Amino acid sequence: MKDYTDERLNMVDSQLVRRGIKDKRVLDAMSKVPRHLFVPPEVTSVAYTDQPLSIGESQTISQPYMVALMSECLELRGGEKILEMGTGSGYQTAILAELGFSVYTIERIITLSVRAQRTLKHLGYENIKFNVGDGTLGWPENAPYDGIMVTAGAPKISQVLIDQLSEGGRIVLPVGNSFSQELVVVSKINGKIKTKNICGCMFVPLIGKHGWNKEKKYY
Ligand code: SAM
């Protein structure tokens with residue numbers, strides 16, 4: 001079976017290094033994790049192209065550059081505890097696990113979570129805990145987290161997540177509506193919140209109590 005090593009290394013060079021991703025640990029993780037195993041079989045051959053791809057249930061696996069950028073924005077060293085909202089295919093989860101974090105990941109769609117769990121188990125990742133439910137509530141039992149990554153578009157920076165973040169920790173999330181979102185890094189310093197806008201982006205909506213309302217569909 002083809003292992004896509006050439007495509008993966010080419011992706012790292014042409015899509016990540018050339019666009020300014022510098023964190024060597026992130027580049028190493030992206031060079032290692034087999035993205036083609038996280039996408040449906042019909043799109044395996046384009047798994048390393050510069051785009052998000054459909055993973056079913058109207059959801060997507062994010063563009064490789066966005067996965068790398070969000071991982072870099074956490075600015076952590078490994079060994080820390082991370083909460084991820086939106087397991088999706090499990091690809092970003094694998095990158096976080098590869099970076100040496102203890103990962104707590106939540107997905108609201110059970111079929112996606114089950115598939116991601118199967119893929120990640122098959123690849124031998126052990127430092128990941130899975131939850132199926134509304135990630136906008138966080139996962140208070142295991143808080144605080146050194147980093148929180150939200151991989152769906154949120155309407156606002158929620159206080160619930162700020163409360164579950166450690167002192168000195170960072171939240172990386174897309175904030176906006178379905179037409180325009182901004183990737184934002186939120187830092188907690190001496191109990192105060194500092195935000196930094198990184199770039200424009202486009203994600204599927206974060207649906208839940210502190211996200212968008214699925215029935216009203218005003219996102
Ligand atoms: N990081 C994923 C990957 O690498 O494949 C991509 C995530 S996809 C862009 C966004 C995911 O967030 C979808 O799977 C969606 O079902 C999930 N999601 C949306 N709202 C959620 C919520 N409130 N709690 C948990 N997951 C949610």
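I began at the ligand. One of its oxygen atoms is 3.1 Å from a polar backbone atom of Gln92. The model is a predicted one, and I read it as such.

An oxygen atom of the ligand is 2.6 Å from an N or O atom in the Ser89 side chain. At Gly86, a polar backbone atom is 3.4 Å from a nitrogen atom of the ligand. I checked cover next. On its own the ligand would expose 600 Å², and the protein buries 99% of this.

Which cavity does the ligand take up? I found that its space is the largest cavity. I looked up which elements give two or more residues to the shell: they are β2 (59-61), α4 (91-98) and β4 (102-107). The largest share, 3 residues, is from β2.

I counted the shell by residue class. There are 10 nonpolar, 13 polar and 4 charged residues. Which of the 27 residues around the ligand come nearest? I noted Ser89, Glu107, Asp134, Gly135 and Ile207.

I moved on to the whole chain. I count 6 helices and 9 strands in the protein chain. Its C-alpha atoms fill a box of roughly 50 × 40 × 35 Å along the principal axes. Why does the radius of gyration of 16 Å fit a compact globule? For 219 residues such a globule would have a value near 17 Å, so the 16 Å of the protein chain agrees.

Last, I went through the backbone for exceptions. Most residues other than glycine have a negative phi, and most peptide bonds are trans. I logged two departures.

- Glu57 is not a glycine, yet its phi is positive, about 60°. I place Glu57 in the loop between β1 (53-56) and β2.
- Ala143 and Pro144 are joined by a cis peptide bond, with omega about 5°. I find Pro144 in the loop between β5 (128-132) and β6 (145-150).

Note on methods
Residues numbered from 1 in each chain as written. Predicted model: local features only at pLDDT ≥ 70, side-chain atom pairs only at ≥ 80, totals over all residues. Heavy atoms only, no water. Near = heavy atom within 4 Å. Polar contact = N/O pair within 3.5 Å; in protein donor to acceptor, adjacent residues only side chain to side chain. Areas by Shrake-Rupley, 256 points an atom, 1.4 Å probe, with all protein chains shown as cover. 1 Å grid on protein atoms, 1.4 Å probe; cavity = no way out; pocket = protein on both sides within 12 Å on 5 of 7 lines; lining within 4 Å. Sits in = over half its atoms within 2 Å of the grid points. Helix = DSSP H or I, 4+ residues; strand = E, 2+ residues; numbered from the N terminus. Nonpolar A, V, L, I, M, F, W, Y, C, P; charged D, E, K, R; others polar. Rg over C-alpha atoms; globule rule 2.2 N^0.38 Å.
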